[in-house]
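Welcome, and thanks for taking a look. Here is a short tour of a protein model, written for someone who likes to see the cut-offs spelled out.

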Amino acid sequence: MVTVHRHRDLDELVSAAATRFLETVAGIQASGGGVHGDGVARVVLTGGTAGIATLRELARLDFAAEQQGEDFPALRIDWSRVHVFFGDERNVPISDPDSNEGQAKEALLDRVAVPPRNIHGFDLGAVSMEAAADAYGPEIKDFAPKGFDIHLLGMGGEGHINSLFPHSEATAEQEKLAVPVHDSPKPPSERITLTFPAIARAERVWLLVSGEEKATAVSHVVEGAPAEEWPAAGAQGKQETLLFVTEDAASET
């Protein structure tokens, strides 16, 4: 079941999501907890307007906390104890403006002290989509064998998440954790995506959704529509599923 958090606008949504992210990861690190019980957070990042804006806000908050120092301590996480994965990627090099990993690096990862070895990209542009997809499942099992602590997701107007589109082969996948997509209806057509089995490994699934064009899809997510028709409705975390949504996107709920 999804829990809805309504926000006045995108700025308010981004602030709420970034703050909750910091609080959750800091709690994992302070308690030596998390899915793996080692104080290391495994998180899956998403692209899209709200997703990238949330990453920029995390970078801003990290910089602000660093500037305050010990006299006015602010909540800050240890990025060396965070492993980063990606929900999907376009078949382009990281240097391409369409690259989700490239956008994430510019917005956050190049601005905080996360070790490069903790960033688990798909290496597209260097290897084929099939090879990259085949390698990513074992990489998840190596570095996040018990699953993810947080999986961030954006959503399209037709309800797609990652690169799981309605009535697609990737959306129907029941075993593999990552698969290539050759016919995405949203350009570019070639991508790699995490699947529903991968999403189901997450303790917390957070959907970040803004824009009135997504209102119908949001209503189907809240109602629990079939995932093959509205993929976002099938994204469920083991512990919680949160929908951070702006008022315009929630107008039909």
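## The end of helix H7

Just after H7, Gly224 takes a positive phi of about 75°. H7 itself spans residues 215-223; helices here are DSSP runs of H or I with at least four residues, strands are runs of E with at least two, and both are numbered from the N terminus. Within H7, the buried residues are Ala215, Ala217, Val218, Ser219 and Val221. Buried means under 20% relative accessible area, exposed means over 50%, and partly exposed lies in between, using a 1.4 Å probe and protein chains only. The cover over these buried H7 residues includes strand S8 (202-209) and strand S9 (240-246).

## How to read the numbers

This is a predicted model, with residues numbered from 1 along each chain as its sequence is written. Local features need pLDDT of at least 70 and side-chain atom pairs count only at pLDDT 80 or more, while totals for chains, interfaces and linings use all residues, and side-chain values use heavy atoms, leaving out hydrogens and water.

Most residues other than glycine have a negative phi, and most peptide bonds are trans. Asn162 and His167 are both worth a look on that score. Asn162 is not a glycine, yet its phi is positive at about 45°. His167, also not a glycine, has a positive phi of about 60°. Asn162 sits in the loop between strand S5 (148-153) and helix H5 (169-172), and His167 is in the loop between S5 and H5 too. Are they buried or exposed? Asn162 is buried, with a relative accessible area of 6%, whereas His167 counts as exposed at 61% relative accessibility.

There is also a cis peptide bond, joining Pro187 and Pro188, with omega about -10°. Pro188 belongs to the loop between strand S6 (178-181) and strand S7 (191-194).

## The nonpolar core

The largest nonpolar core has 78 residues. Such a core is a set of buried Ala, Val, Leu, Ile, Met, Phe, Trp, Tyr and Cys residues joined through side-chain atoms within 4.5 Å. Phe21, Leu45, Phe86, Leu109, Ile161 and Leu194 touch the most other members. Helix H1 (residues 10-31) supplies the largest share of this core, 9 residues.

Leaving aside residues up to four places away in sequence, Phe21 touches Val43, Leu58, Ile77, Trp79, Ile150, Leu152 and Trp206; contact means heavy atoms within 4.5 Å.

## Helices packed on H2

Two packed helices are described by the angle between their axes and the distance between the axes. Axes are lines fitted to C-alpha atoms, for helices over the stretch in contact, and angles run from 0 to 180 degrees between N-to-C directions. H1 and H2 pack at about 60°, with axes 9 Å apart, and are therefore oblique to each other. Angles under 35 degrees count as roughly parallel, over 145 as roughly antiparallel, 65 to 115 as roughly perpendicular and the rest as oblique. Residues of H1 including Leu13, Ala17 and Phe21 meet H2 residues, among them Ala50, Ala53 and Leu58.

H2 also packs on helix H3 (residues 100-109), at about 30° and with axes 8 Å apart. That makes H2 roughly parallel to H3.

Thr46 is found in the loop between strand S2 (41-45) and helix H2 (48-68). At 11% relative accessibility, Thr46 counts as buried. Its neighbours beyond four places in sequence are Gly51, Ile52, Leu55, Leu152, Leu153 and Gly154.
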